[in-house]
Amino acid sequence: MLFQSFMSVGKIPLEWKSAVITPLYEKGVSSDPSNYRPVSLTSVFSKLMEHVVVLDLITYLQSNNVINKQQHSFLKKPCTATNLLESLNDWTLNIENGRRQAVAYIDFAKAFDSVCHNKLLAKMRQYGICGPLIEWILIF
């Protein structure tokens, strides 16, 4: 009920928007600041509300066939392991049928570090996500 009331008015407590940023060591020389990445520690309540919204969004997108069947990551089932199994199966069939098979692995990790919010919101509206939910996403 608390989350619904915040969603209906399109506002959240300011404390939910603040975060404690902590540097997390990744690799290399520990004295080099570029070997750290920032981690934001946010309110438990904002994380709970975000989790509820994400579950509802995924349910909506799946029930309206917006999520492609080939999508394997960011979902509970299928997952990246099932993607690898499907790929391995396809490669094996190609080799058995005498077809050439080339595989390239590309690390897109840095490509997804930022999102163009205007494009994301336009895409969400295109899929029928609107009203208080869009307003809530904008304020968060």
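User: What should I know before I start?

Analyst: This is a predicted model, where local features need pLDDT of at least 70, side-chain atom pairs count only at pLDDT 80 or more, and totals for chains, interfaces and linings use all residues. Residues are numbered from 1 along each chain as its sequence is written, and side-chain values use heavy atoms, with hydrogens and water left out.

User: How many residues does H3 have, and how far does it reach?

Analyst: Helices (H or I, at least four residues) and strands (E, at least two) are DSSP runs, numbered from the N terminus. Helix H3 covers residues 44-63. H3 has 20 residues and reaches 29 Å from its first C-alpha to its last, close to the 28 Å expected at 1.5 Å a residue; that expected span is 1.5 Å times one less than the number of residues.

User: Which residues of H3 are buried?

Analyst: Buried means under 20% relative accessible area, exposed over 50%, and partly exposed in between (1.4 Å probe, protein chains only). An α-helix has 3.6 residues a turn, so residues three or four places apart point the same way. In H3 the buried ones are Ser46, Met49, Val53, Leu57 and Leu61. Seen down the axis of H3, they fall within an arc of 100 degrees, so they line one face of the helix; the arc is that of the directions from the helix axis to the C-beta atoms. The face turned away from this buried side carries the exposed residues Val44 and Ser63.

User: Which residues form the nonpolar patch on the surface?

Analyst: Patch residues have over 30% relative accessible area and no salt bridge; like charges are joined within 9 Å, nonpolar side chains (Val, Leu, Ile, Met, Phe, Trp, Tyr) within 5 Å. Here Val44, Phe45 and Leu48 form such a patch, with about 300 Å² of accessible area together, by the Shrake-Rupley method with a 1.4 Å probe, only the protein chains shown counting as cover for residues. Phenylalanine 45 is partly exposed, at 47% relative accessible area.

User: How many salt bridges are there?

Analyst: A salt bridge is a side-chain nitrogen of Lys or Arg within 4 Å of a carboxyl oxygen of Asp or Glu. The count comes to one: arginine 37 pairs with glutamate 26, their closest N and O atoms being 3.1 Å apart. Arginine 37 is in strand S2 (residues 36-42), and glutamate 26 in the loop between strand S1 (19-25) and S2, eleven residues apart. Arginine 37 is partly exposed at 38%, as is glutamate 26 at 46%.
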